[in-house]
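Colleague: Thanks for sitting down with me over this one. Could you walk me through how the labels were given?

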Amino acid sequence: MSRPRPRGKRPSRRSEPDRRSSRTIASEEPPVDVHVDRLSADGEGVARWKGRALFVAGALPGEEVRAAPRFEGKLQRGRLLEVLRPVPDRVGPACPLAGVCGGCDWLHLAPHAQRHEREVAVRAALERLGGLDLSSVEWRPTVSAGDLGTRRRADLHWTGTHLGYLHRRSHAPVPVEHCPALVGPLAALPGALGAILAPLGRGLRAVRLLAEGDLVSVALELKGEVRPRAREVALAVLRSGARGVALVPERGATEDVGRPTLRGPAPLRPEVSLHLRPEGFSQAHAAGTPLLVASALELLAPTAADGALELHAGNGTFTFALAARAASVVAVESSALAVRLASAAAKEAQVGNVRFIQGDAGKVSRGLAKEGARFRRLLADPPRSGAPGLAPLARALGTRRLLYVACDPGGLARDAAALVTEGFVLRTLQLVDMFPGTHHSETLALFVRGDSGPEEPQPAS
């Protein structure tokens, strides 16, 4: 694969056309020259054509571009042909697959401008979708800890012969030899593993990579059950340098070859080792995760008098730092694997003030409320779909400060509107740059209820 252009190099004023996918595309209209006004929630340039929005992937606000319009259902999309007048924040992508691979869609935008546009997107969602007045909200500066080369996990698709990501729009696999978004130990693995995995053919569905420091763990998601050939391939992956392989079948139990469970220091609690598995969830930005947790705990401000509830706790990313400051923590997580890993970490480090509960966050919270449990501090880190029903539950649980960790501005906006309806006030917003090179954002939103004066002591739940 050709070497990527150095990061920060300015492109020529006439950009190369975007590469085309192999799928059939709706017939295009003749090329048009348009002015790009803004970026959409999905990170695409938005211009006007025929009185309606025209979405142009790869275009940036303030640019004049030439695009070939086409219709996709009710939407108008334009294939970028040329950038006629680039903005100063346009840079040369640091990956030869930019514009094709769906993994990083903002490599043509300078990192500082990426951070600005994410803030714009969060503000737009809260104001337009959530209907919130942000005039009195404190906006803290975005926290960042490095750009490309920081992602420590990857979910790769298998074509039968190659590993790759999905095309930005067609969902067709794009073979990848080297991925500059990944940390050093993982970057060359997509290409290096291809020949090793070839004996599995169509019996392999997907591959998940995980790194902790210099150690690498791999999950092979198999079709059907684990067969001897899969075990042989797993041993070959070990010989290539991986510490362990998890064989994950469609039916039956996961089998470990080697030691696929990795350990890393829990953020702000180095004496606690988080247990990490390649087939489970873990935060992608290794260097950014401690900053995310530190910022979250600073905003939530738990004290030794507080009982805290953590929803969507995962394998303990926030849990142990929270437990160091609060009197006790009830951590709720739906994944059995994540609860098992977090419980093992707590037992190993003798952390005794955390209770882990496996179950649906809403159902468990309703049960706790019916039991009369009260939590003055609540930390929620829901998936992109958000946390429906969180607002009335937080009120019923007596929550005074709620820290919402959002990976989707739309989900945050909907839940924020509901929290305001229940008497909470959005006090502070801060973004943490956990997904460099993409339009995706991670937002910390602090909500408070009641006056801002001193809180009376309350026994921990």
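This is a predicted model: local features need pLDDT of at least 70, side-chain atom pairs count only at pLDDT 80 or more; totals for chains, interfaces and linings use all residues.

Colleague: What makes the phi of His 312 worth a remark?

Modeller: Most residues other than glycine have a negative phi. His 312 is not a glycine, yet its phi is positive, about 60°.

Colleague: And why is His 312 called partly exposed?

Modeller: Its relative accessible area is 25%. Buried would need under 20% and exposed over 50%, so His 312 falls in between and counts as partly exposed.

Colleague: Which phi does Lys 50 have, and why is Lys 50 called exposed?

Modeller: Lys 50 is not a glycine either, and its phi is positive at about 55°. This residue is found in the loop between β2 and β3 (52-56). Its relative accessibility is 58%, and the cut-off is over 50%, so Lys 50 counts as exposed.

Colleague: Let's turn to α8. How do you know that its buried residues line one face?

Modeller: In α8 (residues 361-370), the buried residues are Ala 361, Gly 362, Val 364, Ser 365, Leu 368 and Ala 369. Seen down the axis of α8, they fall within an arc of 165°, so they line one face of the helix. An α-helix has 3.6 residues a turn, so residues three or four places apart point the same way. On the face of α8 turned away from the buried side sit the exposed residues Lys 363 and Lys 370.

Colleague: What covers the buried residues of α8?

Modeller: The cover includes strands β16 (307-311), β17 (328-333) and β18 (354-358), along with helix α9 (390-396). As for the ends, at the start of α8 a side-chain oxygen of Asp 360 comes to within 3.1 Å of the backbone nitrogen of Gly 362. After α8 comes Gly 372, with a positive phi near 90°.

Colleague: Now the aromatics. Why is the pair of Trp 49 and Phe 71 called tilted?

Modeller: The whole structure was searched, and two aromatic pairs were found. In this one, the ring centres of Trp 49 and Phe 71 are 6.1 Å apart, and pairing asks for centres within 6.5 Å. Their planes stand at 40°, where stacked would be under 30 degrees and edge-to-face over 60, so the pair is tilted. Trp 49 belongs to strand β2 (residues 45-49) and Phe 71 to strand β4 (residues 64-72), so the pair ties together parts that are 22 residues apart in sequence. Trp 49 counts as buried at 11% relative accessibility, while Phe 71 counts as partly exposed at 35%.

Colleague: What makes you say that Arg 449 lies over the face of Phe 424?

Modeller: Arg 449 is at 5.6 Å from the ring centre of Phe 424, and the rule asks for CZ of Arg within 6 Å, as well as within 35 degrees of the ring normal.

Colleague: Last one: why is Asp 433 called buried, and what does its side chain contact?

Modeller: Its relative accessible area is 4%, and the cut-off is under 20%, so Asp 433 is buried. Asp 433 is found in the loop between β21 and β22. Its side chain makes a polar contact with the side chain of Arg 118, at 3.0 Å. Ser 441, in the loop between β21 and β22 (442-449), is in contact with residues including Arg 118, and Ser 441 is buried at 4%.

Methods: Residues are numbered from 1 along each chain as its sequence is written. Side-chain values use heavy atoms; hydrogens and water are left out. Buried means under 20% relative accessible area, exposed over 50%, partly exposed in between (1.4 Å probe, protein chains only). Helices (H or I, at least four residues) and strands (E, at least two) are DSSP runs, numbered from the N terminus. The arc is that of the directions from the helix axis to the C-beta atoms. Contact means heavy atoms within 4.5 Å. A polar contact is a pair of N or O atoms within 3.5 Å; within protein, one must be able to donate a hydrogen and the other to accept it, and residues adjacent in sequence count only if both atoms are side-chain atoms. Rings of Phe, Tyr and Trp (its six-membered ring) pair if their centres lie within 6.5 Å; planes under 30 degrees apart count as stacked, over 60 as edge-to-face and the rest as tilted.
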